[in-house]
Structures are given as structure tokens and as C-alpha cells.
Amino acid sequence: MNAVEILVMIAQVAILVGISPLITGIIRKMKALMRHRKGASIIQPYRDLRKLFNKESVISEDSSLLFRAIPLVCLTSMLLLAAMTPFIYTGVIAPYSDVIAMVYIFTMFRFAMVLGGLEGGSVFGGMGSSREVMMSVLIEPALLIAIMSLSAMTGAGFDITAISESIITAGAVAISPALLLAGTSFIITMIAENTRVPFDNPDTHLELTMVHEGMIIEYSGKNLGMMELSSMLRLTIFMTLLGTLFFPWGTAMTLGATDLLIAFAVIIVKLLVIAFGIALLESTIAKMRLFAIPNMLTASFALSLMAMISLYIL
């Protein structure tokens, strides 16, 4: 890596962190408008985070040092993923942007959140953690096979940069049943991984159904702020991966100023389209029953498996 690529990588991380609360605010605003409500401002998540970071964290006397370290682990893992994610330029930290490593970093984030929910000693934290573990059993294989399908399709190994560049170079020829099936599986996985409707409702704190909120229910102040920012960043990273890995056209392959500006405009449009899709989905369907969640996740796994099989049949 040269100095320019390092600067681009730092800029991409800063942009991803900076727009993550905005993406969350836009989704909430779109959902409110679809329900004929005014809704909060799209910059409300920034205000919420500022309020949390200005508050003192209240920690139970029975909690160990692990409870205090979990927010730092979650935020650090997401910052690392942000550095590995091609936002506007495909050549960032190549060839170190290994997709298998990315999947395991996502897993580390989930594992840390599960530990945090258990370490808090709350009954609802334990419920949320147990449900998260149940979902992860089916989320991780679907996510891994979907990405491996792209690797097999392009023959680029597990380097996210090479996969993205191969699909861009192939052009419309890359649009195949394998790409569409893997992309659909990734979308379902993205919604499940970020505990959105229909898998969970991020707007409520109903104890009997919550997953994500249950695991962070014992956090407050700065610790809660870090957990919330980590979750917002995770959603933005998944949306970015969908736009630059499965449908990467428009992403810059060179460091030319014009290419970078065009790529930035394209990824912003992609993020807005994906945000609209998430808002539309959450406004038109209801949260499914907890025991029906494995059926949907199994369907995601089946789609990713079909994508892999189609490469050898077609």
C-alpha cells in the first residue's frame, strides 16, 4: 500500500462511521413517512449518541471486567471491518481484505454481544443472547456460502478486492443465477444479522420478543453509546458490502479523482435504495414468530447453496 491508498482507507473508515447514524435516521424517517407520520429528524441518531456519550455509565457491582470490555471489542471489530470494506475504491488494503476473515470478525462481534448479554446478569439479557445464538447457527453458514459462491464464480479466491474487480470487469455477463441467488441470500442474512423486521423489531423493547435490545439492556451511558454506534456501523457495512461485492458496478478501480467522485455518488445512491428497501419491508410486513425464524434462515441457506450448485450445473 502506498500513502495515497492509506489516506483513502482512512477516509473510507471515517465516512462509514460518520454516515452510519445518518443511514439509521434515514431508514427511521422513511418508515415514519410510509406510516403517514412526520417522524424524527434524520440527524436524531447523532443527538442520541451525543447524549449517551455525555452520560456516565452505570455498571452493576456483580459485573466483571469483561462487561466493561465488550463495548470496546464490538466497536473495534466494526472499525476493523470498515477498514476492510471497499466503500468507493476496490483496492483498499488488498490483498488483506479476506472475506473469510470478515465473516469471522462479524462472528466475533456477535460472540461479544452474547457475552455482554449474559454478563449483565439480566433475565432479558440471557433471553436475547440465547436467541442470538440460535439465529447465528443458520446465519453464518448462509453468509459464508453466499460469499464462497462469488469466489467460485469469479475464480478470484477470497480476496474481496479481486472478487469485486472481477465482477466489475465482467460487466453484464456477471449477472447470472448464481449472483442473483447469492445476493438474495445475502439480503436475508443482512436483515437477520442486524435483527431487523421480520426477525426482530429494533424500534421496540418488548421483553418477550426482543433479541438485540435484550443483549444491551444492561448497558448505559458511554457503553451503550458504543454498542449503538457499533450496531449502526454493522448495518452500514452490510449495506455497503451488498452494493460493492454483489453489485459492485460503479465502484472505483483506480485512484483518479473523477473515478472516486463518481464512485462516491454511486454508493450513496445504492445505500439510499437499500435503505428504502429496508424501510419498505419493515412497513409492510409484521415480525414473525420466534419459532418461525429458523424457517426463513433455512431458506437463506438453501438459496446460497443453490447459488453454489448452479455454478456447476449451468
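Me: Where does histidine 36 lie?
Reply: Histidine 36 sits in the loop between α1 (3-34) and α2. Helices here are DSSP runs of H or I, at least four residues long, numbered from the N terminus (strands are E runs of at least two). The model is predicted: local features need pLDDT of at least 70, side-chain atom pairs count only at pLDDT 80 or more, while totals for chains, interfaces and linings use all residues. Residues are numbered from 1 along each chain as its sequence is written, and side-chain values use heavy atoms, with hydrogens and water left out.

Me: Why is histidine 36 called exposed?
Reply: Its relative accessibility is 77%. Exposed means over 50% relative accessible area, buried under 20%, partly exposed in between (1.4 Å probe, protein chains only). So histidine 36 counts as exposed. Phi of histidine 36 is near 60 degrees, a positive value in a residue other than glycine.

Me: What makes threonine 195 count as buried?
Reply: Threonine 195 has 2% relative accessibility, so it falls under the buried cut-off. Threonine 195 is in the loop between α7 and α8. Its phi is near 45 degrees, again positive in a residue other than glycine. Proline 198 is also placed in the loop between α7 and α8. The peptide bond from valine 197 to proline 198 is cis, with omega near 15 degrees.

Me: How confident is the predictor in the chain?
Reply: The chain averages a pLDDT of 90 (the predictor's confidence in each residue, from 0 to 100). Of the residues, 96% score at least 70. Confidence is lowest in helix α8 (residues 212-215), at a mean of 83, and highest in helix α2 (residues 44-53), at 97.

Me: Why is serine 77 called buried?
Reply: Serine 77 has a relative accessible area of 2%, so it is buried. Serine 77 belongs to helix α3 (residues 65-84). Leaving aside its neighbours within four places in sequence, serine 77 is in contact (heavy atoms within 4.5 Å) with Ile105, Met108 and Phe109. Its side chain reaches the backbone oxygen of cysteine 74 at 2.7 Å.

Me: How do you know that the buried residues of α6 are on the same side?
Reply: In helix α6 (residues 160-170), the buried residues are Ile160, Thr161, Ile163, Ser164, Ile167 and Ile168. They cover an arc of only 170 degrees around the axis, so they are on the same side of α6. The arc is that of the directions from the helix axis to the C-beta atoms. The buried residues of α6 pack against α3, α4 (99-119), α5 (123-154), α7 (177-193) and α9 (221-246).

Me: What caps the N-terminal end of α6?
Reply: Aspartate 159 does: a side-chain oxygen lies 3.1 Å from the backbone nitrogen of threonine 161. Just after α6, glycine 171 has a positive phi of about 70 degrees.

Me: Which residues of the largest nonpolar core touch the most other members?
Reply: Ile237, Met239 and Phe246 do, in a core of 67 residues. α9 gives the most to this core, with 11 residues. A nonpolar core is a set of buried Ala, Val, Leu, Ile, Met, Phe, Trp, Tyr and Cys residues joined through side-chain atoms within 4.5 Å. Leaving aside its neighbours within four places in sequence, isoleucine 237 is in contact with Met78, Leu81, Ala82, Thr85 and Phe106. A second, separate core of 11 residues includes Met135, Ile191, Ala192 and Phe199.

Conventions
A polar contact is a pair of N or O atoms within 3.5 Å; within protein, one must be able to donate a hydrogen and the other to accept it, and residues adjacent in sequence count only if both atoms are side-chain atoms.
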